[in-house]
Amino acid sequence: MTELSLTQIKEIRAAVLGAAAKVPGTLIGMGVLFIVLGMIGIAGQTLFSFVTINVLGAFLVLGGVLQFAHAIKSIGWKSVSIQLALAFLYIAAGLYTWAFPIPALEAITLWLAAIFFVTGVLRLISAFQHRHFNEWIWLVLSSAISILMGVLIMSGYPESSLWLPGLLIAIELLLQGWSLLFLGLAARSLTK
């Protein structure tokens, strides 16, 4: 087996990073911004949950308005009435989240608990289908954690609905921030 030269390693890394290798500063800056937002979100989980539900409401209203505009421009199309109904549903859901943020957060929390539980069960089924591989135990562990998350969310419901969505989004921002930061640092090392 031949050793790769430093130049070859840099070429491989540049090919893997693609266009990201050309803007390491942007990746690093976005990474730091996401990390800061994630830390703010972890410090103020309830506030972050309410901000999140308001942003969701804004996107639903905007989506409904765009759907409505598209339906109006598409007069003569067989699905115009369906598009109009969907537009009104989006707008109504957005206005509902603004008017009643706590029940909206409760619904999202139930949805999150169901997603964790169902994905955990499906991953467990998949693990047993692949039990002839030595690594199948990792699927079992992953599924157990997902099922446990679903159960924990439900055990704290409805109180957990005030802080859980904000916490999960904050954690996602932190993970994405660290990923972007390290990607940017890797890209910057190519320019040296």
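My entries below cover a helix pair, a pocket and one glutamine.

**Entry 1: the helix pair.** Before anything else, I noted that this is a predicted model. I started with helix α4, residues 80–99, and helix α5, residues 101–129. Two packed helices get described by the angle and the distance between their axes, so I looked up both. For α4 and α5 the angle is about 110°, and the axes lie 5 Å apart. An angle from 65 to 115 degrees counts as roughly perpendicular, so that is how α4 and α5 sit relative to each other.

Next I asked which residues of α4 and α5 meet. On the α4 side I found Tyr96, Thr97, Trp98 and Ala99, and on the α5 side Pro101, Pro103 and Ala104. Sorted by class, this contact has six nonpolar residues, one polar and no charged ones.

**Entry 2: the largest pocket.** I got about 290 Å³ of space for the largest pocket. It is lined by 17 residues, and Thr52, Leu56, Ile108, Pro165 and Ile169 are the closest to its centre. Which elements give two or more residues to the lining? I wrote down α3 (45–73), α5 and α7 (164–190). The largest share is from α3, with eight residues. By class I have 14 nonpolar, two polar and one charged in the lining.

**Entry 3: Gln83.** I went back to helix α4, where Gln83 has its place. Is Gln83 buried or exposed? Its relative accessible area is 13%, and buried means under 20%, so I put Gln83 down as buried. Skipping neighbours within four places in sequence, I found Gln83 in contact with Gln67, Ala71 and Trp77.

Notes. Residues numbered from 1 in each chain as written. Predicted model: local features only at pLDDT ≥ 70, side-chain atom pairs only at ≥ 80, totals over all residues. Heavy atoms only, no water. Axes fitted to C-alpha atoms, helices over the stretch in contact; angles between N-to-C directions. Helix = DSSP H or I, 4+ residues; strand = E, 2+ residues; numbered from the N terminus. Parallel < 35°, antiparallel > 145°, perpendicular 65-115°, else oblique. Contact = heavy atoms within 4.5 Å. Nonpolar A, V, L, I, M, F, W, Y, C, P; charged D, E, K, R; others polar. 1 Å grid on protein atoms, 1.4 Å probe; cavity = no way out; pocket = protein on both sides within 12 Å on 5 of 7 lines; lining within 4 Å. Points joined across faces, edges and corners; volume = space filled by probe spheres on them. Buried < 20%, exposed > 50% of the residue type's maximum accessible area, 1.4 Å probe, protein only.
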